[in-house]
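Dear colleague,

I am passing on the structure below, together with some notes on what turned up in it. Please keep the picture open while you read.

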Amino acid sequence: MDGIDWFLPPKTTSGSFSGKEIIKVDVNGIQNPPNCKEGDSNCEAPDIFEIKVSNVGKIYIDDDIAKKYLQNSRNISK
């Protein structure tokens, strides 16, 4: 309802996570461009960010643009 699309990684055949899972978040929805992430060629304004999940459940973000986006409360719809 807020326009964000997110995708959980599929489970492995054992039914558990491998410790290298990535949750992908498209902040304006998959239907709206540019549908690219930081580091993609010709991507000036990324709208897809990756949240990594470790095997102990800790989440972290590597991309600098994603960190700035998620820290800026004006980018989050209320």
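Lys37 counts as partly exposed, at 27% relative accessibility, where partly exposed is the class between buried (under 20% relative accessible area) and exposed (over 50%), worked out with a 1.4 Å probe on protein chains only. Before going further, please note that this is a predicted model, in which local features need pLDDT of at least 70 and side-chain atom pairs count only at pLDDT 80 or more, while totals for chains, interfaces and linings use all residues. Residues are numbered from 1 along each chain as its sequence is written, and side-chain values use heavy atoms, with hydrogens and water left out.

Lys37 forms a salt bridge with Glu50, and the closest N and O atoms of this pair are 2.9 Å apart; the term stands for a side-chain nitrogen of Lys or Arg within 4 Å of a carboxyl oxygen of Asp or Glu. This pair links distant parts of the chain, since Lys37 lies in the loop between strand S2 (20-26) and strand S3 (48-54), whereas Glu50 lies in strand S3, 13 residues apart. Glu50, for its part, is buried, with a relative accessible area of 12%.

As for the overall layout, the protein has one helix and four strands, which run β-β-β-β-α from the N terminus on; helices (H or I, at least four residues) and strands (E, at least two) are DSSP runs, numbered from the N terminus. Buried residues make up 26% of the 78 residues in the protein.

Which residues make up the largest nonpolar core? There are seven in all, namely Ile23, Val25, Val27, Phe49, Ile51, Val53 and Ala66, a nonpolar core being a set of buried Ala, Val, Leu, Ile, Met, Phe, Trp, Tyr and Cys residues joined through side-chain atoms within 4.5 Å. The elements that give two or more residues to this core are S2 and S3, and the largest share, three residues, comes from S3.

With best wishes
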